[in-house]
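Student: I would like to go through this structure with you, beginning with the fold and then turning to the side chains. Could we look at it together?

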Amino acid sequence: MAALTDLTIAQLTAALASKDTSAVEVAEAHLAKLDQHRALNAFITETPDRARAMAKASDERRWKGEAGLLEGVPLAIKDLFCTEGVQTTAASNILKGFVPTYESTVTSNLWKSGAVMVGKTNLDEFAMGSSNMTSHFGGVENPWKRKGDNRKLVPGGSSGGSAAAVAAYMVPGSTGTDTGGSIRQPAAFCGIVGLKPTYGRCSRWGVVAFASSLDQPGPFTRTVEDAALMLQAMAGHDPKDSTSAPLPVPDFAAAARDPNIKGLKVGIPKEYRVGGTSEEIVALWAKGVEMLKAAGAEPVEVSLPHSKYALPAYYIVAPAECSSNLARYDGVRFGLRVPGKDLPEMYENTRGAGFGKETRRRILIGTYVLSAGYYDAYYKKAQRIRTLIARDFKEAFETCDVLLTPTAPTAAFAAGDKMDDPVAMYLNDVFTIPASMAGLPGISVPAGLDKDGLPLGLQLIGRSFDEVTLLRAAAALEKAAAFSGRPSGY
């Protein structure tokens with residue numbers, strides 16, 4: 001049998017079911033990988049003792065014949081999910097040392113399925129970023145390197161720690177959250193699969209909020225089938241979340257095991273040919289169209305005329321919601337408190353010391369667009385654009401079943417690049433934001449390497465709550481691309 005850390009989630013569950021190994025052995029193997037690759041800074045908090053205890057309990061359940069869907073599978077959890085008794089920071093100084101007394105619904109579902117937590121992963125502060133360089137706990141390093149170049153590369157953001165942990169074989173799966181591309185873009189940069197479900201498919205209860213109308217939890221894995229298995233465990237209606245959809249959870253794993261897409265219509269949005277996109281990514285996109293065509297799909301050109309406005313509209317809506325959500329961090333109830341001579345000064349001192357530069361920038365932008373005199377000019381107009389974007393997608397899906405686009409305009413860039421130019425940084429999400437604004441499911445699948453040996457991803461976008469078709473198409477793309485890249489030394 002291959003090394004335990006090389007096995008996918010599906011392979012691990014099979015090995016555990018046949019008793020070729022134990023959950024304790026699997027946990028120890030992955031904890032050793034964490035020790036080996038700690039320099040990547042993928043984790044904020046490691047939980048080895050909890051992992052061993054959960055693995056031991058998992059083995060006991062299996063011997064009793066009570067194995068769950070992810071029984072004994074080690075997972076990493078983005079440090080945006082509240083975990084009972086384990087520090088949850090959102091990678092911010094203002095929440096450093098905060099230990100929740102409750103468990104998020106998504107992580108609770110994962111533990112009920114038998115999964116084992118090895119730690120909490122690093123991220124951009126409050127999920128605000130596309131590089132994982134805005135964390136109070138330092139940036140995360142992408143395990144991939146350019147050929148002949150030893151410079152550190154970013155893993156993408158905001159869920160960079162979760163993506164790096166999977167790409168470096170520290171865990172076979174991890175959780176992320178996607179607001180404007182924070183699962184799909186890091187997945188592309190790290191050469192793995194990243195799935196953003198439909199808004200409302202997975203509960204947001206117990207997830208530290210960035211932009212409440214956009215945030216959606218989802219999985220990182222190394223295969224489409226594994227992403228389907230994790231989604232099946234994570235999803236479900238939650239009465240504690242008013243935006244959670246009261247829908248049954250389909251058999252996502254079965255869909256991912258069925259790459260038959262004969263007759264499937266794949267939409268190619270003509271507006272996604274944007275300036276600044278790497279020529280290699282444009283070529284890979286064209287190759288992706290041919291791969292799906294060879295698998296039996298029918299490519300059709302579609303139009304999403306308002307998608308060009310998605311990026312500016314997003315950077316009005318998301319900061320506005322973040323400004324409102326982050327008002328609760330004031331030094332009074334929990335987290336950091338920096339004293340002052342009176343209450344207003346204590347607020348100012350706490351928020352000034354607690355929030356990083358990018359978070360402060362977005363709070364200020366959001367407060368501005370919500371202020372009297374600017375609400376109609378900016379926020380209200382952005383919401384109208386959002387409605388038009390959703391209508392464009394609805395009309396496109398009248399002629400196709402899924403959409404195929406690039407995931408990101410470039411491969412992973414060097415740590416420190418674009419940090420002084422917020423607009424250049426925001427452009428990393430140009431292909432992922434439209435689907436987020438419409439609340440649609442999207443998945444990034446690794447599909448090739450560039451001339452520097454870095455992974456490139458292609459994105460598939462599906463109809464609302466039609467992850468079954470999306471996963472089937474993703475499985476077909478994965479099979480055709482036959483991506484086998486692996487970062488050197490991992």
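Predicted model: local features only at pLDDT ≥ 70, side-chain atom pairs only at ≥ 80, totals over all residues.

Student: What comes between E11 and H16?

Tutor: A loop that contains Phe465. The phi of Phe465 is near 60°, a positive value in a residue other than glycine. Phe465 counts as partly exposed, at 28% relative accessibility.

Student: What about H16 itself: what span should it have, and how far apart are its end C-alpha atoms?

Tutor: Helix H16 (residues 467-481) has 15 residues, so at 1.5 Å a residue it should span 21 Å. Its end C-alpha atoms lie 20 Å apart, which agrees with that expectation.

Student: Which residues of H16 are buried?

Tutor: The buried residues include Leu470, Leu471, Ala473, Ala474 and Leu477, and Glu467 is also among them. Just after H16, Ala482 takes a positive phi of about 50°.

Student: Changing topic, how many aromatic pairs are there?

Tutor: The count comes to 13 aromatic pairs. One of them is formed by Tyr102 and Trp205, with 5.6 Å from centre to centre and 55° between the planes, and it is tilted.

Student: Why is that pair of interest for the chain as a whole?

Tutor: Tyr102 lies in the loop between strand E2 (74-78) and helix H4 (105-112), and Trp205 in the loop between strand E5 (193-196) and strand E6 (216-221), so the pair ties together parts that are 103 residues apart in sequence.

Student: How is the pair of Phe126 and Phe355 arranged?

Tutor: That pair is edge-to-face, with the centres 5.9 Å apart and 65° between the planes. Phe126 lies in the loop between strand E3 (116-121) and helix H5 (160-167), and Phe355 in the loop between helix H11 (343-354) and helix H12 (357-370), so this pair ties together parts that are 229 residues apart in sequence. Phe126 is buried at 1% relative accessibility, and Phe355 is buried at 3%.

Student: Which residues form a cluster with these two?

Tutor: Phe98, Tyr329 and Phe334 form one aromatic cluster with Phe126 and Phe355.

Student: Which charged ends sit over aromatic rings?

Tutor: The charged end of Lys240 sits over the ring of Trp205, 4.8 Å from the ring centre. The charged end of Arg486 sits over the ring of Tyr169, at 3.6 Å from its centre.

Student: On to the cysteines. How many disulfides are there?

Tutor: The count is zero disulfides. Cys202, for instance, is in none, and the nearest cysteine sulfur, that of Cys82, is 16 Å away. Cys202 is buried at 0% relative accessible area, and Cys400 is buried at 1%.

Student: Finally, the backbone. Where is there a cis peptide bond?

Tutor: A cis peptide bond joins Gly157 and Ser158, with omega of about 5°. Ser158 is placed in the loop between E3 and H5. As background, most peptide bonds are trans, and most residues other than glycine have a negative phi.

Student: What is the phi of Lys19, then?

Tutor: The phi of Lys19 is near 60°, a positive value in a residue other than glycine. Lys19 is found in the loop between helix H1 (9-17) and helix H2 (23-36), and it is partly exposed, with a relative accessible area of 43%.

How values were computed. Residues numbered from 1 in each chain as written. Heavy atoms only, no water. Phe/Tyr/Trp six-rings, centres within 6.5 Å; stacked < 30°, edge-to-face > 60°. Helix = DSSP H or I, 4+ residues; strand = E, 2+ residues; numbered from the N terminus. Buried < 20%, exposed > 50% of the residue type's maximum accessible area, 1.4 Å probe, protein only. Lys NZ or Arg CZ within 6 Å of the ring centre and 35° of its normal. Expected span 1.5 Å × (residues − 1). Disulfide = S-S within 2.5 Å.
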